[in-house]
Amino acid sequence: RSNKIAHYAAIQLFTLASDSLALPEDSPQANRTMVERLLKAAVTNRYPWPTDTYHGTALFHLAEILFRQNRLEEAAVALEKVAVIIPEKYDARLGLARIYLTHNKIQEAEEQIKWLESRRLDADRLMILSRLRQELMQRHRS
């Protein structure tokens, strides 16, 4: 919390988070509690990050851990920050749309979906967006 985050330290933190997220949920090696604590300490660091993208990436990893723990409100807060820091981080916006739909925040979900529709997405993200759009339309019909 009180030391500058150097490029190398940021890369190591991202590797640790990615490795943890790649492991099965019940794997003791995942140790997501420790990774969450490290990420929280890093994102609240009083010193600037080497780049904004690094800061956003740390927040994105934190959001993924929170999402998997079903702490959706906390994950949404982190993803909202990612969307500001790295506007083109499409996965953050897809995650936000999913969380907003889960919490019946239809207008917020629709804003994210419309924003994403105006971008050139790869096939995998287009498929996710299509499912989110369908869910949104079902909510409008209800």
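Leu72 is found in helix α4, which covers residues 72-85. Helices here are DSSP runs of H or I with at least four residues, strands are runs of E with at least two, and both are numbered from the N terminus. The model is predicted, so local features need pLDDT of at least 70 and side-chain atom pairs count only at pLDDT 80 or more, while totals for chains, interfaces and linings use all residues. Residues are numbered from 1 along each chain as its sequence is written, and side-chain values use heavy atoms, with hydrogens and water left out.

Leu72 counts as buried, at 9% relative accessibility. Buried means under 20% relative accessible area, exposed means over 50%, and partly exposed lies in between (1.4 Å probe, protein chains only). Leaving aside residues up to four places away in sequence, Leu72 touches Phe67, Ile99, Thr102 and His103. A contact requires heavy atoms within 4.5 Å. The C-alpha atoms of Leu72 and Arg98 are separated by 9.7 Å, and these residues are 26 apart along the chain.

The protein as a whole has 7 helices and 0 strands. Its pattern along the sequence is α-α-α-α-α-α-α. The radius of gyration is 16 Å, close to the 14 Å that the globule rule gives for 142 residues, so the protein is as compact as a globular protein of that length. This radius is taken over C-alpha atoms, and the globule rule is 2.2 Å times the number of residues to the power 0.38. Along the principal axes, the C-alpha atoms fill a box of roughly 50 × 35 × 25 Å. Of the 142 residues, 40% count as buried. Among contacts with a separation of 6 or more, 57% come from residues 24 or more positions apart.

Helix α1 spans residues 7-22 and has 16 residues. From first C-alpha to last it reaches 23 Å, close to the 22 Å expected at 1.5 Å a residue. The expected span is 1.5 Å times one less than the number of residues in the helix. The buried residues of α1 are Ala10, Leu13, Phe14, Ala17, Ser20 and Leu21. Seen down the axis of α1, they fall within an arc of 130°, so they line one face of the helix. The arc is that of the directions from the helix axis to the C-beta atoms. Tyr8 and Ala22, on the other side of α1, are exposed. The cover over the buried residues of α1 includes α2 (32-43) and α3 (52-68).

Ser20 illustrates this packing. Ser20 lies in helix α1 and counts as buried at 3% relative accessibility. Its contacts, not counting residues up to four places away in sequence, are Ala30, Asn31, Arg32 and Val35.

Helix α2 has 12 residues, which should span 16 Å at 1.5 Å a residue; its end C-alpha atoms are 16 Å apart, in agreement. Buried in α2 are Arg32, Val35, Glu36, Leu39, Ala41, Ala42 and Val43. These buried residues pack against α1 and α3.

Aromatic pairs were examined next. The structure holds 3 of them. Rings of Phe, Tyr and Trp (its six-membered ring) pair if their centres lie within 6.5 Å; planes under 30 degrees apart count as stacked, over 60 as edge-to-face and the rest as tilted. Phe14 and Tyr54 have ring centres 5.7 Å apart and planes at 80°, so the pair is edge-to-face. Phe14 lies in helix α1 and Tyr54 in helix α3, so the pair ties together parts that are 40 residues apart in sequence. Both residues are buried. Tyr90 and Trp115 form a tilted pair, with 6.0 Å centre to centre and 50° between the planes. This pair links distant parts of the chain: Tyr90 sits in helix α5 (residues 90-102) and Trp115 in helix α6 (residues 106-117), 25 residues apart. Tyr90 counts as buried at 18% relative accessibility. Trp115 is also buried, with a relative accessible area of 19%. Phe14, Trp49 and Tyr54 form one aromatic cluster.

Trp115 also has charged neighbours. Arg93 lies over the face of Trp115, at 3.7 Å from the ring centre. Arg119 lies over the face of Trp115 at 3.8 Å from the ring centre. A charge sits over a ring if NZ of Lys or CZ of Arg is within 6 Å of the ring centre and within 35 degrees of the ring normal.
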